[in-house]
Amino acid sequence: MRRHRRDFRTRIRSVLAAVLTVTVLAAGGAAFSPHTMLRAEAAGRPVEITSCTISGSDVVCQLNVGSVPASDDGKFYLYADEVWQDGTAGEVVATVSAGTSVTAHFPLQYNTENSNLSRKFLIAVKQGGQMVQVSDEHYITNPEAVASYTSPRKPAGIKGILPDLTKASREELQELGVQQVVYNMYVDDICSAASAPGAIPFDYNGKTWYFNGSMVSKFDSMIRSLNVYGMQVTMVLLNGGKSAYSQDLIHPTARGGDCPGYALNVADADGTDHIKAIGAFLGQRYSGHFDCGQVDNWIIGNEVNARTSWWYSSSDSLDYNVNIYVKAFRLLYNELKGANANVNIYNSIDQEWNRKSNPGSFLAKEYLDQFNYYMNREGNIDWGLSYHPYNSPLYDPYAWNGPAVWVKENLATPYITMQNIDILIDYMHKPQFLSPSGAVRSISIAEIGYTSSFGDAAQEASIAYGYLKAASLPDVDAFMLFRQTDDAHEMESNLALGLYDLNGNRKPAYEIYKNLGTANEEIAKARASEIIGMDIDQMISQKIVWTRSGDGVVQ
């Protein structure tokens with residue numbers, strides 16, 4: 001969602017701290033220069049790293065060379081760089097004879113100070129006594145090969161919600177029949193000093209890190225309880241930048257900003273090492289093997305194309321911002337899957353496909369395209385897409401009948417909502433977006449909501465339409481309603497998104513959502529069809545898209 005949620009999410013963070021830490025004993029970092037983070041073009045690099053995978057205790061890189069570059073000694077030098085390094089700044093981990101088809105081996109050294117799990121690799125040759133980079137960077141693409149845990153994923157249908165935990169304790173969440181829940185975890189909220197009472201030590205990569213025992217235990221209790229209820233858990237990792245013990249997690253270009261979400265620091269050793277430890281700790285702890293609960297899905301950031309809101313940096317360069325996000329994503333992907341092989345890892349973008357309401361944001365489509373460019377160039381992995389197909393404007397109550405000016409049935413559409421989400425699905429079927437196995441990626445509608453500010457009936461029908469449309473799409477693995485209970489701050493913008501009002505009363509939308517996905521679904525469909533004025537199954541199966549004139553202002 002957009003700017004109106006900024007203050008609200010900041011308050012959510014405070015509530016989390018009250019009801020639910022990784023402190024760094026950090027090493028020194030290198031000086032940061034924004035110029036070192038810009039994309040290095042592939043043109044003129046004759047060596048291709050075609051794969052980089054874990055095999056036993058080693059890493060094996062396959063090289064394909066169209067024309068062997070000239071060199072002083074006929075050797076290829078394989079460098080391992082940290083994500084904040086560029087070119088031949090890292091260490092040489094293998095030296096092999098140059099050729100057109102070459103295999104290089106070197107030790108993985110997992111969970112040591114020289115771990116290669118989350119580093120990037122490149123090839124250089126010696127020319128005139130100087131090392132010259134002759135390949136693009138490439139990451140390990142099968143971190144799950146080293147995982148200690150391969151936890152079976154919790155079975156789940158797509159029906160989900162952002163829960164009101166006070167209602168879960170009274171079994172109201174269970175009564176609703178949701179199969180998935182999504183929740184926010186601010187990484188700075190789990191940061192702690194070594195001397196703090198109850199701090200949890202965690203030894204990783206040759207250092208001891210510390211987590212806030214009180215905060216982590218509250219997450220343990222919540223996640224474990226939700227699992228007991230039979231619910232799959234998705235956790236959104238955010239960086240609020242508030243803790244004194246997590247300042248190294250804020251990217252240098254984000255420091256001094258005033259936002260609820262900051263870009264993670266991939267610009268120096270301190271931030272990078274900290275992020276690795278967070279990923280490893282969370283992946284292990286919530287693998288389902290330590291009586292702490294199991295998280296099956298991790299979303300890295302929230303609506304990261306909304307730069308000035310949720311992935312803040314002072315740079316307005318698309319490539320720069322995607323570049324630092326990709327680095328953070330790679331670190332957390334490899335560390336989380338390096339702990340629990342079966343977790344899914346998602347990025348997160350909003351519904352502003354080809355139009356942005358905030359000049360500080362990037363278009364969702366261009367951000368997704370650039371993200372995918374880097375993923376393909378530096379080693380394709382099994383990432384998933386978390387998409388938020390809200391109505392436009394957000395307070396528009398009609399999921400099935402949006403404004404024609406904003407909702408179109410082609411790739412040039414300004415917004416992608418549930419009405420035209422088929423456009424996104426078709427786009428993700430394009431060859432360049434497929435997973436390493438050739439499959440369409442998991443798509444999670446991890447945040448969606450509809451207001452009752454203009455009548456309960458519109459909310460009822462919108463929820464039914466959104467859910468049933470999602471259920472009709474095999475590539476969609478989650479439909480998460482935002483939220484269970486109204487929020488007073490959001491209601492100032494006509495966003496009464498909850499299934500409960502502020503007094504705790506159930507709205508009619510509660511009953512319709514309860515029936516969806518159950519033996520009583522026909523009751524929900526009949527009610528929605530009555531409100532819409534057309535059979536809802538026909539509307540969805542025949543992909544009928546109604547639009548209306550105007551800009552979405554409700555009369």
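**Close-up views of a predicted model**

**View 1. The surroundings of Gly99.** Leaving aside residues up to four places away in sequence, Gly99 touches Val65, Val68 and Phe76. The structure shown in this and every other view is a predicted model. Gly99 sits in the loop that joins strand S4 (91-97) to strand S5 (101-107). Its relative accessible area is 17%, and because residues under 20% are classed as buried, Gly99 is buried. Gln247, which is 148 residues from Gly99 in sequence, lies 46 Å from Gly99 in space, C-alpha to C-alpha.

**View 2. Helix H13 and its two sides.** Helix H13 covers residues 521-532, a run of 12 residues. From its first C-alpha to its last it reaches 16 Å, close to the 16 Å expected at 1.5 Å a residue. Which residues of H13 are buried? They are Glu521, Ala524, Lys525, Ala528, Ser529 and Ile532. Seen down the axis of H13, these buried residues fall within an arc of 130°, so they line one face of the helix. An α-helix has 3.6 residues a turn, so residues three or four places apart point the same way. On the other side of H13, the residues Glu522, Ile523 and Glu530 are exposed. The packing partners of the buried residues of H13 are helix H10 (456-471), helix H12 (508-515), helix H14 (536-541) and strand S20 (546-548). Just after H13 comes Gly533, with a positive phi of about 90°.

**View 3. Helix H12 and its packing partners.** In helix H12, the buried residues are Ala509, Tyr510, Ile512, Tyr513 and Asn515. Against which elements do they pack? The buried residues of H12 pack against strand S9 (159-161), helix H3 (172-176), H10, strand S19 (476-481) and H13. H12 is followed by Gly517, which has a positive phi near 75°.

**View 4. The second largest cavity.** The second largest cavity holds about 70 Å³ of space. Its lining includes Val187, Leu237, Leu238, Asn239, Gly261 and Tyr262. Also among the lining residues are Leu264, Ile300, Gly301, Trp310, Trp311 and Leu332. How many of the lining residues are nonpolar, polar and charged? Nine are nonpolar, three are polar and none is charged.

**View 5. Lys365 in helix H8.** Lys365 is part of helix H8, which spans residues 364-377. Is Lys365 buried or exposed? With a relative accessible area of 18%, Lys365 is buried. Residues up to four places away in sequence not being counted, Lys365 touches Trp353, Asn354, Leu411 and Tyr427.

**View 6. Ala156 in a loop.** Ala156 belongs to the loop between strand S8 (138-139) and S9. It counts as partly exposed, at 37% relative accessibility. When residues up to four places away in sequence are not counted, Ala156 touches Gln179, Gln180 and Gln232. Trp406 is 250 residues from Ala156 along the chain, and the C-alpha atoms of the two are separated by 33 Å.

View 7. Most residues other than glycine have a negative phi, and most peptide bonds are trans. Asp291 is not a glycine, yet it has a positive phi of about 55°. Asp291 is located in the loop between helix H5 (269-285) and strand S14 (297-300), and it is exposed, with a relative accessible area of 61%. In Asn494, also a residue other than glycine, phi is positive, near 60°. Asn494 is in the loop between helix H11 (488-491) and H12, where it is partly exposed, with a relative accessible area of 35%. The peptide bond from Ser392 to Pro393 is cis, and its omega is near -5°. Pro393 has its place in the loop between strand S16 (384-387) and strand S17 (401-403).

**View 8. Gly438 and Asp382.** Gly438 lies in the loop between helix H9 (421-428) and strand S18 (443-448). Its relative accessible area is 43%, and Gly438 is partly exposed. How far apart in space are Gly438 and Asp382, C-alpha to C-alpha? They are 10.0 Å apart in space and 56 residues apart in sequence.

Key:
Residues are numbered from 1 along each chain as its sequence is written. This is a predicted model: local features need pLDDT of at least 70, side-chain atom pairs count only at pLDDT 80 or more; totals for chains, interfaces and linings use all residues. Side-chain values use heavy atoms; hydrogens and water are left out. On a 1 Å grid over the protein atoms alone, a cavity is a set of points where a 1.4 Å probe fits but cannot get out, and a pocket is an open set with protein on both sides within 12 Å along at least five of seven lines; lining residues have an atom within 4 Å of a point. Grid points are joined across faces, edges and corners, and a volume is the space filled by probe spheres set on the points. Ala, Val, Leu, Ile, Met, Phe, Trp, Tyr, Cys and Pro count as nonpolar, Asp, Glu, Lys and Arg as charged, and the others, Gly among them, as polar. Helices (H or I, at least four residues) and strands (E, at least two) are DSSP runs, numbered from the N terminus. The expected span of a helix is 1.5 Å times one less than its number of residues. Buried means under 20% relative accessible area, exposed over 50%, partly exposed in between (1.4 Å probe, protein chains only). The arc is that of the directions from the helix axis to the C-beta atoms. Contact means heavy atoms within 4.5 Å.
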